[in-house]
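Here are a few notes to go with your look at the structure.

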Amino acid sequence: APGAAGSLGANKALVVDGVRPVATNITLSNTALRIDETATVTITFNERVSGLDTSDFNVANGSLNNLSSSDGGLTWTATFTPSANISNATNLITLNNTGLMDQVGNIGSGTTDSVNYAIDTQRPTATIVVADAALGVGQTTAVTFTFSEAVTGFTLAHITVAHGTLNGLTTSDNITWTATLTPEAGITVTS
């Protein structure tokens, strides 16, 4: 009969969404960050989410900002800035999915880790050793530059020498560099 309780239910379907939202992938545009570099972090979810903010992330050796989504919450991006004076090859960004929810109010579950990224924002340092500190007329001595890590692009143009010249800068490992110091003629300096 029309209007009977059974006929109303026949035309309507009941939809139940029991799927909890989770991030399925967290990637960085650059996984080997150096001084003054940043990376775009992309977070992809299994469904559209809301409530995501930077406090939901545990960020190793850096920070996230400018978190946003341009597709309604399915994919999010943020800018990762590494901390200063860090040298660490093993880092992750971990998202706590419980800080977000899907379109029907299901709360996320678990955590999701990013791909590994390396950071080297530590500037190299050097020690300089002059083999013979008391040179006479016509003498030369070896000068050794030892860096805290391998460096490239190091040339004699980066060195200032008082009362002498350097030549023959060489290295076999980009950590230890040697050159020959020739003192200026007619100079007497004791310090």
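1. Asn 174 counts as partly exposed in this predicted model, because its relative accessibility is 28%, which falls between the 20% limit for buried and the 50% limit for exposed. You will find Asn 174 in the loop between β15 (164-171) and β16 (176-183). Do check its backbone: phi is positive, about 65 degrees, although the residue is not a glycine.

2. Asn 61 also deserves a glance, with a positive phi of about 55 degrees although it is not a glycine. Asn 61 sits in the loop between β5 and β6 (62-69), and at 25% relative accessibility it is partly exposed.

3. Next, Leu 135, in the loop between β13 (126-130) and β14 (141-147). Leu 135 is partly exposed, at 26% relative accessible area. Beyond residues up to four places away in sequence, Leu 135 touches Thr 140, Thr 141, Leu 181 and Pro 183. Pro 183 is 48 residues away from Leu 135 in sequence, yet their C-alpha atoms are 7.4 Å apart.

4. The largest nonpolar core holds 22 residues, and Ile 43, Phe 45, Phe 80, Ile 93 and Leu 95 have the most contacts inside it. Elements giving two or more residues to this core are β1 (23-28), β3 (39-45), β5 (57-59), β7 (75-82), β9 (93-96) and β12 (117-120); β3 gives the most, with four. Apart from this core lies another, of ten residues, including Val 143, Val 151, Phe 154 and Leu 166.

5. Finally, Phe 45 is handy to click on: leaving aside neighbours within four places in sequence, its contacts include Val 22, Leu 52, Trp 76, Leu 95 and Leu 100.

Conventions: Residues numbered from 1 in each chain as written. Predicted model: local features only at pLDDT ≥ 70, side-chain atom pairs only at ≥ 80, totals over all residues. Heavy atoms only, no water. Buried < 20%, exposed > 50% of the residue type's maximum accessible area, 1.4 Å probe, protein only. Contact = heavy atoms within 4.5 Å. Core = buried A, V, L, I, M, F, W, Y, C linked by side-chain atoms within 4.5 Å.
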